[in-house]
Amino acid sequence: MGVFQNLKITLEMIKWEHSIFALPFALCGAMLAAGGIPAWHQLAWIVVAMVSARSAAMAFNRLADASIDASNPRTSVRALPAGLLTPSFVSAFVLISCAVFVLAASQLNRLTLMLSPVALAIVLIYSYSKRFTRWSHLLLGFALGIAPAAAWIAVRGSLDPRILLLTGAVTFWVAGFDVIYACQDYDFDRSHDLHSLPRYLGIPTALWIARFFHLAMLGLLVALVLVFGLGKVAIVGVVAVAALLAYEHSLVRHDDLSKLNAAFFTMNGVIAVVFFLFVAADTLLRK
């Protein structure tokens, strides 16, 4: 099998297109930092950094979970357990993605370069968290939640505590939908001693916790609007996110997870893009 075919399979394995989950929130952080559209070279390297970091994290996760995936009927068809890729190829992909991320950080400013190993450690360590804590959902959320703060640093060269409101919002958003996603592995996690909120609390209670996480997200988004003095357009964006989250939760019930993939993959991409568009419009209209 050629390198390009392996690369295609790897990109399919890590669901490369789902970089859209966190990228819009990173772009929100960049636009808030710049008070408008950042310099084009900053935008370009922020996108490269985001995509490469997520690619490294997802591929590393597949490596770390290869034996677990092989035991789970739902995931046994993934590229590594199915033998479509070798661990050495995926390891090389992880290393190259990490190198690209560090390169992107070096093209932004000194602080982003200095913090790049910290960012990589956060996004990679998550892969092992399900082995020792039921709160792994929040760790995953934080791994994506640092994106807006990182983008702010990329533009300003320093950190403003106000942007941490968006970090918190993304953390709870991702944690909420990861709890929902984990419900489908309730039986497997119990039988293989893996930690998750559904495994310990049951699916009905876990879904209520996911709702609480998403309410916390909305509260933090409201705080973000107030602290940055954003206008009515951004407020409409928060309302739109609330409506989309309500619809997402309506798709999943404790006794019917058949629409879980629609809730997880489709709606979360829409939520991220919608919020970015409203914040971007509000920021540009206020200039």
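Trp40 is found in helix H3, which spans residues 40-64, where helices are DSSP runs of H or I with at least four residues, numbered from the N terminus. The model is a predicted one, in which local features need pLDDT of at least 70 and side-chain atom pairs count only at pLDDT 80 or more, while totals for chains, interfaces and linings use all residues. Residues are numbered from 1 along each chain as its sequence is written, and side-chain values use heavy atoms, with hydrogens and water left out.

Trp40 has a relative accessible area of 65% and is therefore exposed; the classes are buried for under 20%, exposed for over 50% and partly exposed in between, with a 1.4 Å probe and protein chains only. Together with Ile37 and Leu284, Trp40 forms a nonpolar patch on the surface, and the three have about 360 Å² of accessible area together. Such a patch takes residues with over 30% relative accessible area and no salt bridge, and joins nonpolar side chains (Val, Leu, Ile, Met, Phe, Trp, Tyr) within 5 Å and like charges within 9 Å. A salt bridge here is a side-chain nitrogen of Lys or Arg within 4 Å of a carboxyl oxygen of Asp or Glu, and the areas come from the Shrake-Rupley method with a 1.4 Å probe, only the protein chains shown counting as cover for residues.

Aromatic rings come next. Rings of Phe, Tyr and Trp (its six-membered ring) pair if their centres lie within 6.5 Å, and planes under 30 degrees apart count as stacked, over 60 as edge-to-face and the rest as tilted. By this rule the count comes to seven aromatic pairs. One of them joins Phe60 and Tyr128, whose ring centres are 5.9 Å apart with planes at 70°, so this pair is edge-to-face. Because Phe60 lies in helix H3 and Tyr128 in the loop between helix H6 (110-125) and helix H7 (136-156), the pair ties together parts that are 68 residues apart in sequence. Phe60 is partly exposed at 22% relative accessible area, and Tyr128 is partly exposed at 37%.

The rings of Trp152 and Phe228 have centres 5.8 Å apart and planes at 55°, so that pair is tilted. Trp152 counts as buried at 0% relative accessibility, and Phe228 counts as buried at 13%.

Finally, Asp193, in the loop between helix H9 (186-191) and helix H10 (197-201), has a positive phi of about 55° although it is not a glycine.

How values were computed: Helix = DSSP H or I, 4+ residues; strand = E, 2+ residues; numbered from the N terminus.
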